[in-house]
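Please open the model in a viewer and keep the selection tool at hand.

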Amino acid sequence: MQALEVKNLTKRFGSLVAVNQASFEVPEGSIFGLIGRNGAGKTTTIRMMMGIYLPDEGEVNLRGVKVGQDFKNRVGYLPEERGLYKKMKVLDTLYYFAEIKGKSGREIHKKANEYLKRFELYDRRLSKVEDLSKGNQQKLQFIATVLHDPDFVILDEPFAGLDPVNTNLLKDIILEMKERGKVIIFSTHLMEFAEKLCDHLAMIDRGKIILKGKLSEIKAKYAQKNVSLNYEGDISFLKGHPMIEKVENFGNTTGIRVKEPEQAQNLLKMLVDRGIIIKKFDANDISLQEIFIEFAGTDGLELKEVRNV
Amino acid sequence: MFNNRVIAVFKREVKERVISKGFILMTILLPVFMFGLIGIQVLLMNEGSTKFNVTVVSESADLTYKLESELSSTESVKDSSLILLFGTMNKEEFKDFLNSKKQEVLDEKITGVLYIPDSALKDKKLEYYSKTPQNRRLSEMLGRPINKVLIDTYFSNRSLSMEELNFARQGLDFTGFKVTKEEGYEEEGYGSLVLTYLFTFLLYISLIMMGQMILQSVIEEKSSRIVEVILSSVSAKELMIGKILGSGATGLLQMSIWLIPVIMVTSTTWIMLPPEITISITLLQVVYFLLNFFLGLVIFLGLFATVGAIFDNPQDAQSGLWPIMLLIIIPFFIAFSMIENPNSAIAKISSFIPFANIIVMPARMTIAEVPLFQLALSLAISILTLLAIFPLAGKIYRVGILRTGKKPKWSEVVKWIKYKY
């Protein structure tokens with residue numbers, strides 16, 4: 001069952017096509033990752049989903065019905081560029097954000113105080129936002145995002161600019177929301193986070209969706225001919241070898257693509273025969289980053305083709 | 001249009017404004033400041049240049065004697081704000097005397113030297129030598145008594161009754177009667193004039209002040225990026241309406257507080273004004289003023305908010321404000337010029353021109369008789385202006401608040417109107 005359906009969304013800014021016929025589905029209860037490099041069209045797509053931008057073409061459906069204010073009320077949105085009213089008090093800020101979602105009254109006040117206690121901000125509830133540290137402001141922003149108990153949480157580059165403590169805090173919130181059956185959609189250019197967190201994804205590049213689906217299925221599909229390797233020694237002989245399609249260095253690991261799936265075993269044998277010390281040999285494994293590069297190319301990601309290994 | 005989201009934005013806006021130090025200070029200080037300004041002006045006129053030191057020279061001893069006795073009894077001489085020296089000289093002697101005193105005049109030890117030749121008894125022409133010869137305060141102090149002496153001397157040789165003499169001494173007294181449709185004619189003092197200044201000034205101050213506030217507020221929302229969080233719950237239109245109505249209500253509250261004295265004078269007998277400054281304004285006119293102000297405020301807040309949305313820092317925004325400032329300042333000067341000539345055609349026409357009517361019509365209403373239907377027409381023009389500019393302003397606002405980075409050109413802003421956002 002799809003919770004959200006994005007159909008042929010297109011947005012142009014003058015001559016620039018920021019998002020081009022983007023379509024993907026977000027299943028119920030999933031953590032959905034919208035993945036792409038900076039400027040690929042992630043934020044524009046999310047803004048169109050939120051009704052902040054009107055799409056030039058296409059539509060977004062919530063369980064079969066076109067999204068409107070009802071959807072907005074049920075979404076908690078954390079944009080990439082976050083902000084709060086500096087002169088407002090902490091509690092007032094939370095009440096205000098709940099109120100514009102149509103939630104007010106004693107229940108929200110109780111919940112706000114609970115959240116503040118949990119995030120160790122209760123003592124500061126009457127402080128002005130500008131008097132909080134940056135980390136505490138981020139916490140406050142998280143609370144404001146989920147206080148009204150949204151069914152959908154949309155996070156645009158949620159981990160940008162967070163310290164490690166808040167990164168973990170946000171991860172906890174995301175997983176907790178998932179446990180409670182909420183749908184979480186986030187965009188990121190950080191493949192490792194996406195790989196760890198999301199179960200469904202759509203990859204966007206230059207405004208176009210280039211890949212979408214369940215993460216495990218995608219990985220299974222593209223991992224078949226892939227080997228991830230940690231080693232010591234010289235493997236330059238692999239270059240140009242008839243069995244090998246390509247070799248790529250990803251820093252910690254080297255990704256090797258063989259031409260046929262069954263050749264992975266032959267590759268291992270060959271490496272051992274040549275005296276390469278193998279620390280890790282993971283057949284049928286591929287990182288999201290490799291898949292992304294496969295589809296979008298490497299320019300813009302700080303990676304280079306391995307030429308002489 | 002007025003759903004719970006707009007109300008939430010409205011409430012936040014009012015709370016932020018009304019509780020702010022700026023609002024409280026301004027509400028209290030502006031009247032204090034205005035009265036203070038009038039006070040200072042009076043003070044400057046009376047006290048500021050306390051010591052006038054004038055040498056009065058006449059050509060004949062008889063005239064000198066009469067002048068001395070008349071002038072010595074004036075109040076300014078009595079309270080010694082005016083110190084006079086008297087002398088009798090003919091023209092030749094006076095020339096030498098003046099040359100000898102030149103340095104003292106330049107050093108301001110002597111404010112001036114007044115020469116009253118005998119010929120003044122025929123043509124009333126005096127000569128006044130000073131570093132600052134155009135001192136109205138001095139001519140006010142000296143003019144009347146000297147005139148009296150000249151008249152008395154002129155007529156002393158003729159057989160005139162006291163009555164005739166008194167008539168000749170008398171200056172002119174213009175009493176203004178305002179002609180209205182009402183029965184009878186009301187004597188009018190300076191009150192209307194004061195009211196015209198007051199209304200024009202208050203409108204000007206409030207429009208600019210509230211406008212600047214909403215400008216800052218929009219820029220803050222934009223530059224702190226909070227606007228995107230808010231737009232995920234509230235549409236740009238709702239946000240704009242809530243903000244403008246919130247600011248507008250705050251402005252209306254402030255204006256009503258400022259006008260309490262005026263309202264009391266018109267509707268109660270608690271405050272009695274001296275007859276010279278009675279004001280002939282009805283409660284209906286005050287209500288019209290507030291209504292006109294609120295409509296005007298909403299219009300201008302819309303414009304200020306739009307400019308705030310176009311730019312993302314206060315400096316750029318200030319430089320982009322000039323078209324709006326012109327819309328306020330030009331009518332402001334028209335309203336002031338009307339005090340000189342209430343029936344000028346420009347004043348009449350501009351009280352029906354969109355934007356200008358907001359400031360000009362209240363001023364016109366206080367000094368000239370304006371039929372009720374014209375007031376209603378002016379309000380209708382404001383409403384039409386509102387309806388005409390808000391769709392455009394809303395569009396620019398909507399596009400602008402999510403834009404950051406390069407300062408946009410006006411031509412780009414025009415293009416935004418065509419965007420589908």
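Buried area is the accessible area (1.4 Å probe) that two parts lose on being put together, summed over both. This is a predicted model, in which local features need pLDDT of at least 70 and side-chain atom pairs count only at pLDDT 80 or more, while totals for chains, interfaces and linings use all residues. Residues are numbered from 1 along each chain as its sequence is written, chains are lettered from A in the order in which they are written, and side-chain values use heavy atoms, with hydrogens and water left out.

**First selection: the two domains of chain A**

Select residues 2–218 of chain A as domain 1 and residues 224–296 as domain 2; such bounds come from an automatic or database domain assignment. The centres of these domains, taken over C-alpha atoms, are 37 Å apart. Domain 1 of chain A brings 15 residues to the contact and domain 2 of chain A brings eight, where contact means heavy atoms within 4.5 Å. Between them the two domains bury about 910 Å², with 77% of it on carbon and sulfur atoms.

Next, colour Met191(A), Met203(A) and Ile210(A): in domain 1 of chain A these lose the most area to domain 2 of chain A, together 47% of what that side buries. The count of salt bridges between the two domains is zero; a salt bridge is a side-chain nitrogen of Lys or Arg within 4 Å of a carboxyl oxygen of Asp or Glu.

Now show both chains. The contact takes in 32 residues of chain A and 26 residues of chain B. About 2700 Å² is buried between chain A and chain B, and carbon and sulfur atoms give 52% of that area. On chain A, select Ile52(A), Tyr85(A) and Ile100(A), which supply 24% of the area that this chain buries against chain B, more than any other three residues.

How many salt bridges does the rule find across the interface of chain A and chain B? There are four. To view one of them, zoom to Arg225(B) and Glu81(A), whose side chains meet at 2.6 Å, N to O.

Finally, select strand 1 (2–13), helix 1 (42–49), helix 2 (69–73) and helix 3 (90–99) of chain A, the elements that give two or more residues to the side touching chain B. Helices (H or I, at least four residues) and strands (E, at least two) are DSSP runs, numbered from the N terminus. Helix 3 of chain A gives the most to that side, with four residues.
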